Amino acid sequence: MADKKLIEEVGKYINKYYEPEKDDIKMDAEMESIFDKITRFRKKRKKQKIQEASTDYKEDAYAPTEFDVASMKKIKITKEMSQTMATTRNLDDLMNQIEETFSQRLLRMIDERGMTDSEAYTKANVDRRHFSKIRKDINYAPNKKTVLAFTIALELSLDEAKDLLRSAGFALSRSSKTDIIVAYFLQNKIYDMFEINDVLYAYGQPIFD
């Protein structure tokens, strides 16, 4: 008979890594319907912002012109790396990647995109000390929010994001509004953290800060 402690340890392992297929975010009819709702919401928010900006302009028509660094950052156009990347993968590469830890996979993805460490963790809103821990510890266990932030910073495809999450013991879940919203932006190759935070906030979810 198996040792009770061993059974409990295996149980913990299963709870951490088991990912039921029904919980995965896939582009079936249900998810397309949800994504359509988010698209309509984004269009409505964009229209509201244009109207608000127009009102502000009329009110301040004779005010001196100033440059707002914060707002300039908000309209920064990001490159779509995942569209332009061409990575040749052979069977050996894929087999090696299956065994990668989160730290190994993240660092490899950063290198593949020609990014520096500082570019990656700055875009992910992760501080330098936190990233240093990730780099130094091959078995570092991040929280899910950190992994999601890097999927945006590295401009991953939805499948690549799932792989990165899986390497940390997570999965995109239909039961999480945050996961669905992030999946929407990844699916549509929109990597503007300001806009993502705007939608997360509007739906009452924690933002990336």
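Helices are DSSP runs of H or I with at least four residues, numbered from the N terminus. The model is predicted, so local features need pLDDT of at least 70 and side-chain atom pairs count only at pLDDT 80 or more, while totals for chains, interfaces and linings use all residues. Residues are numbered from 1 along each chain as its sequence is written, and side-chain values use heavy atoms, without hydrogens and water.

**View 1. Phe 102 in helix H6.** Phe 102 is buried, at 1% relative accessible area (buried means under 20%, with a 1.4 Å probe and protein chains only). Its contacts (heavy atoms within 4.5 Å), not counting residues up to four places away in sequence, are Ile 134, Tyr 140, Pro 142, Val 147, Phe 150, Leu 164, Ser 167 and Ala 168. Ser 167 lies 65 residues from Phe 102 along the chain, yet their C-alpha atoms are 4.8 Å apart.

**View 2. The largest nonpolar core.** A nonpolar core is a set of buried Ala, Val, Leu, Ile, Met, Phe, Trp, Tyr and Cys residues joined through side-chain atoms within 4.5 Å. Elements giving two or more residues include H2 (29-59), H6 (102-112) and H11 (177-187). H11 gives the most, with seven residues.

**View 3. Leu 164 and its contacts.** Beyond neighbours within four places in sequence, Leu 164 meets Phe 102, Arg 105, Leu 106, Met 109, Val 147, Phe 150, Thr 151 and Leu 156.

**View 4. Asp 179 in helix H11.** Asp 179 is buried, at 2% relative accessibility. Leaving aside neighbours within four places in sequence, Asp 179 contacts Ile 25, Lys 144, Leu 148, Ala 171, Leu 172 and Ser 173.

Technical notes:
Buried means under 20% relative accessible area, exposed over 50%, partly exposed in between (1.4 Å probe, protein chains only).
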